[in-house]
Amino acid sequence: MSEETTMSGFSFFDMRELKARAETCAETHPTLTHAQRLSLVARRDFGLPCFVEARRLREQDIMQHVESDGDVGKCSFCHFTFRLREERAWHVTRHERLEEALHYLHHMPLVGEQLKRLMDSSWSQAQDAPTLEGRVAGYLGVFRAWYDRSIFGSMCDGTWREHPDFPMYVSMIITATDVPHDVLDRLASLYGRRPGSLRWGESRWQEVG
Ligand SMILES: [Zn+2]
């Protein structure tokens, strides 16, 4: 195997493409087993010695983000802490969902420390700003942080396609949390209200199903 192949890794989309092409080989190569078709495509279209190598590269691609500490892994990409052995498959599923979502959304929500910083500074502004405009901006910052946390969860559980956009989220959240009257009036005039879309006290959007 060339060094180039090792370096370039093997993305979620490469793997999906490889498997889709192997499926179409059912027609053109009816005498081969499914495993043989996967390896045929790996060799023919991806320059790999076999399908097992494609799987190994995919695993390596994912695990390069994981730092392990004993039995526990911590992924810097999908922000998941998990038991390396027992929760390996769960991590891969979550990690790949996030890869797929990012491919379409082109936007990584704030997470971890950055999210906390936005939340803290926005809360201060929402409470302490001397003008209504300032407090409205503070509340919008808080809602942006909640929104990012909500859509990040949806990206990891595969429901992001249905997740509301930010303006719609604001119209939902202002009817699900305590907001001072003057701020509420201003936000409602800008975004409207969608009562009942989020449960009271709930900031994480959930697909109704
Ligand atoms: Zn991950």
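Select His 106, which sits in the loop between helix 5 and helix 6 (112-128); helices (H or I, at least four residues) and strands (E, at least two) are DSSP runs, numbered from the N terminus. The phi of His 106 is near 55°, a positive value in a residue other than glycine. With 68% relative accessibility, His 106 counts as exposed. The cut-offs for relative accessible area are under 20% for buried and over 50% for exposed, with partly exposed in between (1.4 Å probe, protein chains only).

This is a predicted model, in which local features need pLDDT of at least 70 and side-chain atom pairs count only at pLDDT 80 or more, while totals for chains, interfaces and linings use all residues. Residues are numbered from 1 along each chain as its sequence is written, and side-chain values use heavy atoms, with hydrogens and water left out.

Next, select His 79, in the loop between strand 2 (72-75) and strand 3 (80-83). His 79 is not a glycine, yet its phi is positive, about 50°. Its relative accessible area is 41%, so His 79 is partly exposed.

Now show the zinc ion. Which atoms coordinate the zinc ion? They are SG of Cys 75, SG of Cys 78, NE2 of His 91 and ND1 of His 95, at 2.0 to 2.3 Å. Donors here are N, O and S atoms within 2.8 Å of the metal (3.2 Å for Na, K and Ca); water is not among the atoms, so sites may look incomplete. Along the chain, the donors of the zinc ion have the spacing C-x2-C-x12-H-x3-H. The arrangement is tetrahedral because the 4 donor atoms subtend angles of 101 to 127° around the zinc ion; four donors count as tetrahedral if all angles lie between 85 and 135 degrees.

Stay with the two histidines of the site. His 91 and His 95 both belong to helix 5 (residues 88-105), where they are 4 residues apart, about one turn of the helix. Are they buried or exposed? Both His 91 and His 95 are buried.

Select Ile 62, in helix 4 (residues 51-63). Ile 62 has 2% relative accessibility and so counts as buried. Apart from neighbours within four places in sequence, Ile 62 is in contact (heavy atoms within 4.5 Å) with His 91, Val 92, His 95, Glu 96 and Glu 99. Val 92 is 30 residues from Ile 62 along the chain, and their C-alpha atoms are separated by 7.4 Å.

Move on to helix 7 (residues 132-157) and helix 8 (residues 166-173), whose axes come within 10 Å and cross at roughly 110°. That makes the two helices roughly perpendicular, a term for angles of 65 to 115 degrees. Axes are lines fitted to C-alpha atoms, for helices over the stretch in contact, and angles run from 0 to 180 degrees between N-to-C directions. Residues making the contact include Phe 143 and Trp 146 of helix 7, and Phe 166 and Tyr 169 of helix 8.

How many of the residues of helix 8 are buried? The count is 6 of 8, among them Val 170 and Met 172. The cover over the buried residues includes helix 7 and helix 9 (181-191).

Last, select Arg 135 in helix 7. Arg 135 counts as buried, at 18% relative accessibility. Its contacts beyond four places in sequence include Gln 125, Pro 180 and Asp 182.

Technical notes: Tetrahedral: all angles 85-135°; square planar, octahedral: opposite > 155°, others 65-115°. Parallel < 35°, antiparallel > 145°, perpendicular 65-115°, else oblique.
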